[in-house]
Structure formats: C-alpha cells, structure tokens
Amino acid sequence: MIIAVASGKGGTGKTTLAVSLALSLPNVQLLDCDVEEPNAHLFLNPLFAEKSEAVIPVPVIDEEKCTFCGRCKEVCAFNALAVLPGAEGKKGSILFFENLCHGCGACRFLCPQQAITERDRRIGVVEAGTVGELKFAHGRLDIGEAMAPPLVRQLKKQIDQERTVIIDAPPGTSCPVVTSITEADFCLLVSEPTPFGLNDLILAVEVLRKLGIPFGVVLNRADLGDEKTDEYCRQEDITIMMRIPFDKRIAAAYSRGLPLVTAMPEYRQKFEELFQKIKDKISK
Amino acid sequence: MKVCITSRGDSLESEIDPRFGRCEYFVFLDTESSDMEAIKNPNIISSGGAGIQSGQLVAGKQVNAVLTGNVGPNAWQTLRAAGIEVIIGVSGTVGQAWEKFKNKELKPVKGPSVDSKFGMPAE
C-alpha cells in the first residue's frame, strides 16, 4: 500500500506527519520525494547503504549528419533546442540548452537523419538506507538543477511493495508533486485552518480529484485560525482524518530534530488509528 | 539592412517593449524599403525557453540587428549564433528607435543584460 503525504501550502507539517506515521507502524518504507529540499533524514538520521547518481538522457547532435531541418526543435516541448538554418553558403547551426531539457528522448527518436545520440547528464543522487527496522530513501537534486520529476521517478524505483510505503511529497501542486503522488493508494493532505492553508488545500484537492486518488485531510495546528477549512471540508464531503493541536512541545521537538512520536509517545496510538482509518477508506 | 524592434504594439508610435523573449510584438523594418511588418509574439505564454523561441523567430526573418530593452542569456546565445547584432537599453517609441538606429546612434552590446526568466509576467 502506498500512502502519500502532500499539501498545497508548504510548512503545514507534511514531514512531521510522514516521519511520525512511519515510526508508528510496522514494516514501513519512507520515501522523501521533496528532492529540492529533503528534510526527513534530519529527524531520522538514517544509515545510507546505497547511493546512486540520477541522470537524464540529453541529446548529442552530430553536425555532420544534421541537415538543420528543425524537426528536433519542433518536437521539443520545452524549447531546449534552437535550429538556425544556414543561408547563402553559410552552414546552419543548432544550439542545445541543457537546463531546459527534460530528457524525454523525442528529438533523438524523431530525427529524420538519425543525427542525435544521447549522453547521461547528472541531476542529483538517490540515497537509500535504514533507520532501525524502517527502510528509508530520498533524492537530492544538485544545486542549480530544476528537473525534479526525473529524480523523483528514479527515487520511486526504490519502492518496496512488500511494505507500507509512505511518500513525503513536495509542497505545491506542480509536476514534482504529481510525479510523487501518482500511483498512491491514498493521499493525506496536511493543512492548517488559515486563509493561506485553505486556499492551497483547495488547489491540492483539485489535483487529487483529477488524478483520481482517494484522500483525506489532516489538520495541523487545528485549534488556531478560523472555521473556514472545516466548513469547506463539510461542503465538499472531505473527511478530516486527524487533528493535531498547536502545542509548543511539538514545535520544540521539531526544532531539536526529534520526531513527534519520539518526543510525545502518546501520539503513536493516534497515528495507528489514522492508519486504520486510511485502510478502512481504501477498502470501501 | 533589416532590424527587429521589440514593441508593445504594432505601429511606429508604439512604446518599445523592454523584454525580448516575451515582448508583445516584433516590428520588422528595412533600410532598403519602407516596408514595416508587425508580428504578435506567440512565445509570451511559454513556460520556459521564450527567448530561444523568439530568437529563432527573429532569425527566420533574416534580420541583421535586434533593438530591445534587455536580453537574457539564452536569447543572446540564439541571436548571436544567427549572427544578429543585439542593441539593448533602447526606449521610447519604435519610430524614435528606428531613427536613432538609422543615424547610427545605437551600438550593439557584447553580452546578455539580464538573467533567465526576466520577462516572465508577474502573477
């Protein structure tokens, strides 16, 4: 079973929830898919046994074979290629902008001259290891890189279907999030009852409905803010699966890098109940 | 000699658009003839690579120089690969810039003037 933990707004408590849920259940694998700024490892101090480079294939153009027909730049959805046809005896030229390339391979596949081969371009690393009995893996995008989805896909190859897999997704609603949560059996949306929290929750709900992934809401700092998030969930028939109150002890534990359930073991039972609720929802 | 001026509109009275890749219009003028052509820029909505696309569009028109406000690194590389001179810091109307260019008051630059994504519209 794959459970994704996502949110529209950042800083609502995805990692707090994902880490503590992972520590409260048996036979779990936790994947931190927020490859632009992974932080779950700060709470878990895993022993990494494996490290692999994540690469994307990028085009290498043989200018001897190239006729500057422009087919490659037409099929490139990300404008990573520029073809400037030659004129009056002047040879054409072709430019490749590697930071825009998603590595889809369309240019190589569709080049009529077969003038394009590929080389690997490193975008980051995937690290996998353990925290006691818990399996853990995360991805780290290299500084300056913008292509999170290919790294997330490579990280997700680590998924161990024999275990309950918990995915800590990046914030927002864009491609890295969609790549992280696709294939999840259930998604927990962490929000807080503030105008910003609600605004971004609504956006996340739209994404999940489009993807057809069953979901529920976990309301963090649930006793602050206003009633509007509760109202919205009632109207939209969305279950609030768990409420975590605002508690300075939780913030203090977080600031020391301690998982919530380690600092406050009484929460273990609440996370076990949350897991049971998820299983009930999926089996319905 | 043919030039391209980035513009907010499609006439000589239009203001210069200070962005290259995401300008509203490209206005093409020729010293040999009095022809003027204005093209609405299809790359404004592009999520990335607008400068590259606009550079190719302009290169396809066989221009010798581009007159604009600023140019980013990718557009710069594309325009230079096509052998096009780039003149930045141009302001006022298209007509005024055109006159200055014909009087040789404008000089090409040697490098891009802004970073990628400079011309992205504000939310």
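Predicted model: local features only at pLDDT ≥ 70, side-chain atom pairs only at ≥ 80, totals over all residues.
**Domains and cores**

- The largest nonpolar core has 65 residues, and Leu189(A) and Val58(B) have the most contacts inside it.
- Helix α7 of chain A, residues 195-211, gives the most to this core, with five residues.
- Domain 1 and domain 2 of chain A both give residues to this core, so it lies between them.
- Apart from it there's another core, of 33 residues, including Ile3(A), Leu44(A), Met264(A) and Phe271(A).
- Back to Val58(B): leaving aside neighbours within four places in sequence, this residue is in contact with Cys4(B), Phe20(B), Phe26(B), Phe28(B), Val63(B), Val66(B), Leu79(B) and Ile84(B).

**The sheet in chain B**

- Five strands of chain B make up an open sheet, running in the order β3-β2-β1-β4-β5, with mixed pairing.
- β3 (36-40) and β5 (85-87) of chain B sit at the edges with a single partner strand each, so one side of each has no neighbour in the sheet.
- On average, and ignoring direction, neighbouring strands of this sheet are turned by 20 degrees against each other.
- Strand β2 of chain B, residues 25-30, pairs with β3(B) in the antiparallel sense, over five bridges.
- If you want one pair to look at, take Phe28(B), whose bridge partner in β3(B) is Glu37(B).
- Helix α3 of chain B (residues 94-102) packs on the sheet and touches β1 (2-7), β2, β4 (65-67) and β5 of that chain. The direction of this helix makes about 150 degrees with that of β1(B).

- Asp230(A) belongs to helix α8 of chain A, residues 228-236. Is Asp230(A) buried or exposed? With a relative accessible area of 12%, Asp230(A) is buried, because the cut-off for that label is under 20%.
- Beyond its neighbours within four places in sequence, Asp230(A) is in contact with Leu219(A), Ile240(A) and Arg243(A).
- Thr16(A) sits in helix α1 of chain A, residues 14-24, and counts as buried at 19% relative accessibility.
- Again leaving aside neighbours within four places in sequence, Thr16(A) is in contact with Tyr254(A) and Leu260(A).

- The N-terminal end of helix α9 of chain A (residues 248-255) is capped by Asp247(A), with a side-chain oxygen 2.8 Å from the backbone nitrogen of Arg249(A).
- After α9(A) comes Gly257(A), with a positive phi near 75 degrees.

**Positive phi without a glycine**

- Asn79(A) has a positive phi, near 55 degrees, though this residue is not a glycine. You'll find Asn79(A) in the loop between α3 (71-75) and β4 (81-84) of chain A, and at 9% relative accessibility Asn79(A) counts as buried.
- Gln62(B) isn't a glycine either, and has a positive phi of about 55 degrees. Look for Gln62(B) in the loop between α1 (50-60) and β4 of chain B.
- At 54% relative accessibility Gln62(B) counts as exposed, because that label applies over 50%.

Notes. Residues numbered from 1 in each chain as written. Chains lettered and ligands numbered in written order. Heavy atoms only, no water. Helix = DSSP H or I, 4+ residues; strand = E, 2+ residues; numbered from the N terminus. Buried < 20%, exposed > 50% of the residue type's maximum accessible area, 1.4 Å probe, protein only. Contact = heavy atoms within 4.5 Å. Pairing = 2+ DSSP bridges. Axes fitted to C-alpha atoms, helices over the stretch in contact; angles between N-to-C directions. Core = buried A, V, L, I, M, F, W, Y, C linked by side-chain atoms within 4.5 Å. Domains from an automatic or database assignment. Polar contact = N/O pair within 3.5 Å; in protein donor to acceptor, adjacent residues only side chain to side chain.
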